[in-house]
Amino acid sequence: MVQAKTWILVKHFDGFPKDSDFELKVEELPEPKDGEVLLEAVFLSVDPYMRPFSRVRMKEGDVMIGTQVAKVLQSKNPAFPVGSHVIGRGGWRTHTVSDGADLTPIMPDWPQDLSLSLALGTIGMPGLTALFGIEEVLGLQKGETLLVNAAAGAVGTVVGQIAKIKGCKVVGSAGSDAKVAYLKELGFDEAFNYKTVGSLDEALKKASPEGYDCFFENVGGPFWTAATQQMKNFGRIAVCGGIATYNDTTPKTCPYPHLTMIFKQLKVEGFMQSRWEHKHPESLKRLMGWVKEGKLKYREHVTKGFDNMPAAFMGLLQGENIGKAVIAM
């Protein structure tokens, strides 16, 4: 018998998550049956989407949702040999028995000198989100100007770099001077700390006086209001997230941008990367290729130890991370 540690959602979050919303439990796992495998987590992901998705995809008492890189310890499924690594959606747990339906093998030619944790970040869901937002939703073209907020996060860092690969001007917003400095390292043309600028409107105008062709939106709230005013005619907006609003106990209201959207004839589209699941294998290879070529750089915010997952999650929601937040076992 293998014992698995799990983090349970005791109570749906009311406002910002707190320690008492989580409970660490231990459960006995059965031996794998035919077609099943026993997995051990190696790296686990914490992501902003877990905050809103927990309300709509989970019941109180469920194991927290999430993705992990796991190693196959026992196998009665020939598709997943012992010692191989997979991406699994088992949530916040150290060990899992799976029938393989929710598992994806790590790409077979994964370089030895590249951490498998990147399969949760730049060469994983956040990287795919950035790529599809740029190509499928925005249709970003060479020479255009792109604005991305939460630009120092797991998705934003990739968004900006792919836009530069495509020959675009990139403006990024982040919440600390250290994050702004990192964006400059990555090649962003302009970057600013939204917490310290006197006026968001003026900061956006100064960074790109001619306006923005495309806006990759991760934040919501007042930033959304200011950014829509700075869009060019026929601008396109990809709505990926709204982290500024996730912990609101009552929904925020802001000036309705309908007239701006009408007069500027803006296109606004919300999306999730799962829409293009059929393109995942090819797209992951492209992301890996850019990493190998040095065109796509990355940084990880690594927290050691499964017991620290709630703290890492809450830290993520407070903007403590630069790049992808992961837990290493």
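Predicted model: local features only at pLDDT ≥ 70, side-chain atom pairs only at ≥ 80, totals over all residues.
Reader: Why is the pair of tyrosine 49 and phenylalanine 53 called edge-to-face?

Author: The ring centres of tyrosine 49 and phenylalanine 53 are 5.3 Å apart and the planes meet at 75 degrees. Centres within 6.5 Å make a pair, and planes over 60 degrees apart count as edge-to-face. The pair of tyrosine 49 and phenylalanine 53 is therefore edge-to-face.

Reader: What makes tyrosine 49 and phenylalanine 53 partly exposed?

Author: The relative accessibility of tyrosine 49 is 24%, and the relative accessible area of phenylalanine 53 is 21%. Buried means under 20% and exposed means over 50%, with partly exposed in between. Tyrosine 49 is therefore partly exposed, and phenylalanine 53 is also partly exposed.

Reader: What describes the geometry of tryptophan 92 and phenylalanine 313, and why is this pair edge-to-face?

Author: The ring centres of tryptophan 92 and phenylalanine 313 lie 5.7 Å apart with the planes at 75 degrees, so this pair is edge-to-face.

Reader: Where in the chain are tryptophan 92 and phenylalanine 313?

Author: Tryptophan 92 is in the loop between strand S5 (85-88) and strand S6 (95-98), while phenylalanine 313 is in helix H9 (residues 309-317). The two are 221 residues apart, and the pair links distant parts of the chain. Phe13, Phe22, Trp92 and Phe313 together form one aromatic cluster.

Reader: Are tryptophan 92 and phenylalanine 313 buried or exposed?

Author: Tryptophan 92 has 0% relative accessibility and so counts as buried. Phenylalanine 313 has a relative accessible area of 0% and is therefore buried.

Reader: How do you know that arginine 299 lies over the face of tyrosine 182?

Author: Arginine 299 is at 4.0 Å from the ring centre of tyrosine 182. The distance limit is 6 Å, and the charge must also be within 35 degrees of the ring normal. Arginine 299 is accordingly assigned to the face of tyrosine 182.

Reader: Which residues touch the most other members of the largest nonpolar core?

Author: That core has 51 residues, and Trp110, Ile123, Leu146, Val159, Ile162 and Phe216 touch the most other members. Among the elements that give two or more residues to the core are helix H2 (125-138), strand S8 (145-148), helix H3 (154-165) and strand S11 (212-217). H2 supplies the largest share, seven residues.

Reader: Why is this core said to lie between domain 1 and domain 2?

Author: Domain 1 (2-121 + 299-328) and domain 2 (125-273) both give residues to the core, so the core lies between them. The domain centres, taken over C-alpha atoms, are separated by 29 Å.

Reader: Which residues are in contact with leucine 146, leaving aside its neighbours within four places in sequence?

Author: The contacts of leucine 146 include Leu138, Val159, Ala163, Val171, Cys214 and Phe216. A second, separate core of 20 residues includes Met64, Phe306, Met314 and Ala325.

Reader: What makes glutamate 217 buried?

Author: Glutamate 217 has 1% relative accessibility and therefore counts as buried. Glutamate 217 lies in strand S11. Beyond residues up to four places away in sequence, glutamate 217 touches Asn149, Trp224, Ile237, Ala238, Val239, Cys240 and Gly241.

Reader: Why is leucine 266 called buried?

Author: The relative accessible area of leucine 266 is 12%. Buried means under 20%, and leucine 266 is therefore buried. Leucine 266 is found in the loop between helix H7 (258-264) and strand S13 (267-270). Leucine 266 and glycine 235 are 31 residues apart in sequence, and their C-alpha atoms are 5.0 Å apart in space.

Reader: What makes histidine 12 buried?

Author: Histidine 12 has 13% relative accessibility and therefore counts as buried. The place of histidine 12 is the loop between strand S1 (2-9) and strand S2 (22-29). Not counting residues up to four places away in sequence, histidine 12 touches Ser54, Arg55, Met58, Lys59 and Glu60.

Conventions. Residues numbered from 1 in each chain as written. Heavy atoms only, no water. Phe/Tyr/Trp six-rings, centres within 6.5 Å; stacked < 30°, edge-to-face > 60°. Buried < 20%, exposed > 50% of the residue type's maximum accessible area, 1.4 Å probe, protein only. Helix = DSSP H or I, 4+ residues; strand = E, 2+ residues; numbered from the N terminus. Core = buried A, V, L, I, M, F, W, Y, C linked by side-chain atoms within 4.5 Å. Domains from an automatic or database assignment. Contact = heavy atoms within 4.5 Å.
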